[in-house]
Structure formats: structure tokens, C-alpha cells
Amino acid sequence: MKRVLLLFAICIFIVVCLALFIASSFKYAEELEEYARFAEVGTDNIVKWVDFKASATLMRHAIEIDKETYGTDNHIDFIDLLAYTAAICGGEFDKSSEKKMDAFADRLRGGTYVKNLTGGMRYFKYYRTVYEAIFSEFLKLHEVERKKGSSSEFISVYDLAVYSPIAKGYNYAHYQDFHNQRTYGYNRLHMGNDLMGEEGTPIIAIEGGTIEALGWNEYGGWRIGIRSFDNMRYYYYAHLRKGHPYVKTLKVGDKVKAGDCIGYLGKTGCSKVEGTENLKRPHLHIGLELIFDESQKDGENQIWIDVYEIIELLAENCSEVQYNNTSGEFVRKYKSGEIGDT
């Protein structure tokens with residue numbers, strides 16, 4: 001009798017597990033369908049949700065393929081590579097993702113068009129829309145200033161055109177803290193990545209854009225908010241240094257270039273009183289908001305993504321700075337910018 005009851009209990013357990021698995025599978029498929037619907041071109045819908053999980057290693061691999069094929073008849077866009085891989089992996093990348101990306105790249109090298117390989121993929125359009133919003137200014141042909149003997153020269157390069165938010169030669173540490181719990185003011189999720197470093201460390205503009213916010217924020221302390229020139233991205237740099245938080249000449253409406261020094265790392269914030277240092281350790285909070293429709297910018301449907309892996313990627317491209325005795329500011333040592341704009 002005991003054996004029969006045991007077998008019956010095991011059968012019930014298996015049935016319940018299968019039911020839960022099937023239910024979760026249907027729910028996931030429904031969610032993906034909804035996300036794909038938001039990205040459809042020609043409708044009034046907009047993307048309302050993004051869960052960015054590409055690793056720095058995978059992004060770097062895609063970028064290398066892009067760079068290798070640049071200038072050839074079959075140039076491969078790294079955004080297409082990432083979007084395709086995300087579409088066939090459901091946005092959940094694993095050890096096989098790079099091989100799947102390489103197989104896709106091989107067919108593109110052979111002359112097959114992206115649309116011919118992705119036309120029947122249900123979610124490619126969604127991921128292509130999302131990754132275009134994130135990466136549209138990351139890799140492009142631009143001019144950079146390089147040292148040449150006792151002087152310097154400008155050369156055209158097809159490479160990363162965005163920079164680490166920490167200046168070259170300055171150490172920092174960070175970990176994956178996106179959506180960690182925060183309790184000041186009210187219970188909420190952490191919508192960025194904290195980079196621990198020395199107070200006064202020069203902070204660099206990741207991408208060029210227009211300053212939309214500059215001043216005190218109860219939660220972020222002294223902060224700067226920069227909107228990309230295409231209006232798709234909003235970079236949030238918070239907890240800047242007390243007394244001298246940002247370059248003194250900066251003001252709302254000013255335009256900055258990728259690689260410019262914009263401020264200094266500190267520990268201000270978590271107070272309604274300007275200048276308060278309520279953080280235990282100096283660090284830069286860096287956040288990235290995606291904006292598919294202007295109603296999202298300061299509304300209830302804000303889309304902030306996990307930038308930890310992006311910061312890992314950008315660690316290889318740091319802007320070098322030097323101290324200017326006249327202005328009392330750190331300034332970039334070498335310029336960069338659009339072709340003919342330097």
C-alpha cells in the first residue's frame with residue numbers, strides 16, 4: 001500500500017511539474033510575441049520593454065567581424081549579428097551563441113542578404129530595433145588625433161567611437177548590480193551600474209550629445225544627463241564630487257563630444273540638501289535610458305538597461321586627459337569626431 005501511495009505521489013509531482021513548464025513556455029512565447037509586436041514598423045506601437053543580456057565578449061566578437069568586413073563587398077553590420085543571434089536564442093545568450101553568430105556571418109560573407117536569412121524570423125525585427133537604439137553610434141568611420149613624434153596628426157579610423165566613462169589611467173571596480181534593491185526614499189530597483197573609484201577621478205562622456213540635466217538630484221546628488229544627438233539614448237552620470245562636480249563652463253543645452261571630460265567622481269546624493277555626501281564609498285552611477293517615444297523619457301514606461309557588459313566593452317577605449325592649470329579642469333589630450341569636424 002505504501003509503495004502504491006509513493007508511486008501515486010511521484011506521478012502527481014511529475015504532472016504538476018510538466019503543467020508548470022508548459023504554462024511558463026506559453027507565457028514566455030506570449031511575452032515574446034508582445035515584444036515583437038511593439039517593434040513592428042508602420043504601427044503606432046513602440047518598444048516598451050528591453051532586457052539586454054549580450055556579453056562584452058559576444059559584442060566584441062560581433063564588432064571584430066564588422067571591422068574585418070568593412071570596405072568589402074559584403075560588409076557585415078555587427079548590429080545585424082547581435083540581433084540575429086538574440087532572435088534565435090530568445091535573448092538568452094549561452095556558450096553556443098558565438099558559433100551561431102559565426103554561421104550567420106559565414107553566409108553573409110558568401111553574399112546572402114540579411115533579409116533573405118531573417119525574413120521568416122519572428123523576432124528579428126524587434127531585436128534589430130532595440131540594438132539599433134543602443135548601438136547606432138558605437139562603431140563608425142571617424143577621425144582621431146594620434147601622437148606623431150613631438151606633435152600629432154588626425155587619421156580616419158573605422159572603430160569604436162564611444163568611450164569608457166572613466167578616464168584613461170584611472171582605476172575603478174564594478175560588479176553586476178542592475179536591479180539590486182535600493183531603500184533611500186522608498187524601496188526601488190537600482191537602474192544602472194556603480195563604478196567604484198577615487199574621488200576626483202575624471203568622468204568622460206561615453207557618447208556625444210546635448211546636456212539635458214545638470215545640477216542637484218535628491219537621489220543622484222550632483223549629476224549630469226546627456227541626450228544623444230539622435231534622441232534615442234539618455235546617459236545619466238550621478239554622485240559627482242562635492243564642490244566641483246562637473247566642468248564649470250558646462251550648462252544645460254551645451255553639446256559635448258564623445259571622450260570629453262564632463263565631471264568628477266564623488267559620493268554626493270541621497271539627500272534633499274545640496275552638496276550632501278551620504279554615500280559610503282565614492283563611485284560613479286552610470287545609467288542608460290532608451291527612448292523610442294518622447295512620452296517614455298520622464299514617464300511611467302521608462303526603459304533603463306543593464307550597462308555592466310557595455311562598460312566592460314568600453315574599458316578598451318579610454319579617453320586620455322591632462323590637467324589644465326588655467327581652467328583648473330581636466331581636458332582630453334587627444335581629440336576625435338566626425339570626418340572634417342575635428
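Val256 counts as buried, because its relative accessibility is 4%; buried here means under 20% relative accessible area, exposed over 50%, and partly exposed in between, with a 1.4 Å probe and protein chains only. This is a predicted model, in which local features need pLDDT of at least 70 and side-chain atom pairs count only at pLDDT 80 or more, while totals for chains, interfaces and linings use all residues. Residues are numbered from 1 along each chain as its sequence is written, and side-chain values use heavy atoms, with hydrogens and water left out.

Back to Val256. The residue sits in strand β11, residues 255-256; strands are DSSP runs of E with at least two residues, helices are runs of H or I with at least four, and both are numbered from the N terminus. Leaving out residues up to four places away in sequence, Val256 touches Ala205, Gly208, Gly209, Ile211, Ile226, Phe229, Leu250 and Ile262, where contact means heavy atoms within 4.5 Å. Glu207 is 49 residues from Val256 in sequence, and their C-alpha atoms are 8.3 Å apart.

For contrast, take Asp106 in helix α4, residues 97-109. Asp106 is partly exposed, because its relative accessible area is 48%. Its C-alpha lies 9.9 Å from that of Ile76, 30 residues away in sequence.

Now the chain as a whole. It has seven helices and 17 strands, and buried residues make up 47% of its 342 residues. Of the contacts between residues at least 6 apart in sequence, 64% join residues at least 24 apart.

A nonpolar core is a set of buried Ala, Val, Leu, Ile, Met, Phe, Trp, Tyr and Cys residues joined through side-chain atoms within 4.5 Å. The largest has 79 residues, and those touching the most other members are Val50, Phe52, Tyr131, Phe135, Phe138, Tyr237 and Ile305. A second, separate core has six residues, including Tyr236 and Ile291. Beyond its neighbours within four places in sequence, Val50 contacts Tyr126, Val130, Leu290, Phe292, Ile303 and Ile305.

On a 1 Å grid over the protein atoms alone, a cavity is a set of points where a 1.4 Å probe fits but cannot get out; a pocket is an open set with protein on both sides within 12 Å along at least five of seven lines; and lining residues have an atom within 4 Å of a point. The largest pocket holds about 960 Å³. Of its 33 lining residues, Arg188, Tyr219, Gly220, Tyr236 and His285 are the closest to its centre. Strand β13 gives the largest share of that lining, four residues.

How many cavities of 30 Å³ or more does a search of the whole structure find? The search finds one. The largest cavity holds about 50 Å³ and is lined by Phe138, Ile206, Tyr235, Ile286, Leu288, Val307, Ile310 and Ile311. Strand β13 and helix α7, residues 308-314, each supply at least two residues of that lining.

Technical notes. Grid points are joined across faces, edges and corners, and a volume is the space filled by probe spheres set on the points.
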